[in-house]
Amino acid sequence: MADTRRARRAVAAVLAATAALCLVATGCSKSSGPPSADDSRGAGRRPSPNPPPSPTATPTATPTATEAPAVGPVLAVKIDNAPAARPQTGLGAADIVYVEQVEGGLSRLMAVYATAVPKSVGPVRSARESDLELLGQFREPVLAFSGAQSKLLPLIDRAPVDPVTPSDVSGAYYRGTSRAAPHNLYLRPARLLPTPPGPAGLTTGFRYGPAPEGGTPKATRTVRYPAARFTFTWSERQDRWLVAMDGRPAETTDGKRLGPATVVVQYVTVRRSGFQDFLGNNTPYTETVGSGRAEVLRDGRSYDVRWTRPSALDGTTFTGGDGTPVDFAEGQVWVVYAKAP
């Protein structure tokens with residue numbers, strides 16, 4: 001299994017390198033495009049890994065020079081967010097941070113890296129069933145996690161992800177000395193993703209551009225879980241939303257304050273799964289496919305929007321009341337999954 005995963009990552013690295021050489025050879029550069037372009041992160045459905053044959057199928061045409069080159073995978077890391085795990089390492093470098101509820105009403109984070117990887121990330125913790133649905137929107141992402149329940153492992157192995165635990169790649173993970181287990185497992189991301197795919201790897205459906213019309217001035221926004229609390233406070237001077245967790249400013253181990261440019265509070269169905277932790281607490285399942293209400297926070301304003309994700313292979317679109325796509329501010333995005341009322 002470990003050899004197969006390493007082979008897939010090697011192929012992804014070659015594809016990424018090939019794409020980079022193509023750009024250099026042709027003199028291509030990032031298109032300036034209209035301000036509301038989706039920055040190569042469109043929500044178009046990607047093909048199924050095993051698409052059914054079509055009775056009217058015709059031979060596949062040879063790719064032309066105008067078609068987009070293949071890109072490598074993103075890196076998704078499951079990060080501990082218990083009070084004993086804070087401050088985290090490497091979280092500020094993530095392109096996207098997903099927040100979801102876990103057992104006991106606590107929270108856990110999923111950090112996604114595409115444009116760059118930090119030297120270290122962590123603490124790394126275990127995966128959950130709903131992570132597989134969430135990550136289906138990416139092209140076979142590398143999923144770094146500490147492990148999972150034995151009954152969940154077969155689902156992870158069948159999912160369109162490249163799962164990597166400490167037993168799979170020698171030297172990729174290490175134990176820190178300043179904290180007790182299980183809050184001291186860290187990842188060296190470059191061991192798993194030596195060549196980040198860049199923005200093209202973020203196939204989330206998110207759009208980036210100028211702020212939409214309207215909105216309501218908003219200075220602070222709090223999202224509560226049964227045993228966790230997140231507060232986002234707009235900083236005009238820093239042009240971002242400063243994060244607080246359980247009433248305390250959230251920082252990384254290098255002393256930098258966490259502060260995304262855009263925060264999405266996405267109301268979803270949170271139901272019981274078929275799994276429990278070792279204490280017998282049921283693991284919540286966060287449904288990220290479907291549609292519903294969301295709130296987009298950017299530039300000190302709040303926008304009521306509607307989110308839609310048709311399938312696990314699609315990205316998520318966010319639209320205003322008139323159906324117009326809502327653009328995010330350039331920079332890090334936090335998506336906080338809140339239970340729909």
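The legends below describe close-up views of a predicted model.

**View 1. Strand 1 and its two pairing partners.** Strand 1, which spans residues 75–80, is mostly covered, with six of its six residues buried. L75, V77 and I79 point one way from the strand, whereas A76, K78 and D80 point the other way, and all are buried. Strand 1 pairs with strand 4 (residues 142–144) in the parallel sense over three bridges, and here L75 stands opposite V142. With strand 3 (residues 107–113), strand 1 pairs in the antiparallel sense over six bridges, and A76 stands opposite V112 in strand 3.

**View 2. The salt bridge between R128 and E103.** The side chains of R128 and E103 meet in a salt bridge at 2.9 Å, N to O. Because R128 lies in the loop between strand 3 and helix 2 (129–135) and E103 in the loop between strand 2 (96–101) and strand 3, the pair ties together parts that are 25 residues apart in sequence. Both R128 and E103 are buried.

View 3. K218 forms a salt bridge with E295, the closest N and O atoms being 3.9 Å apart. This pair links distant parts of the chain, with K218 in the loop between strand 8 (216–217) and strand 9 (220–225) and E295 in strand 15 (residues 290–298), 77 residues apart. K218 counts as partly exposed at 26% relative accessibility, while E295, at 6%, counts as buried. The side chains of R221 and E295 also meet in a salt bridge, at 2.7 Å, N to O; R221 lies in strand 9, 74 residues from E295 in strand 15. R221 is buried, with a relative accessible area of 15%.

Notes. Residues numbered from 1 in each chain as written. Predicted model: local features only at pLDDT ≥ 70, side-chain atom pairs only at ≥ 80, totals over all residues. Heavy atoms only, no water. Buried < 20%, exposed > 50% of the residue type's maximum accessible area, 1.4 Å probe, protein only. Helix = DSSP H or I, 4+ residues; strand = E, 2+ residues; numbered from the N terminus. Pairing = 2+ DSSP bridges. Salt bridge = Lys/Arg side-chain N within 4 Å of Asp/Glu carboxyl O.
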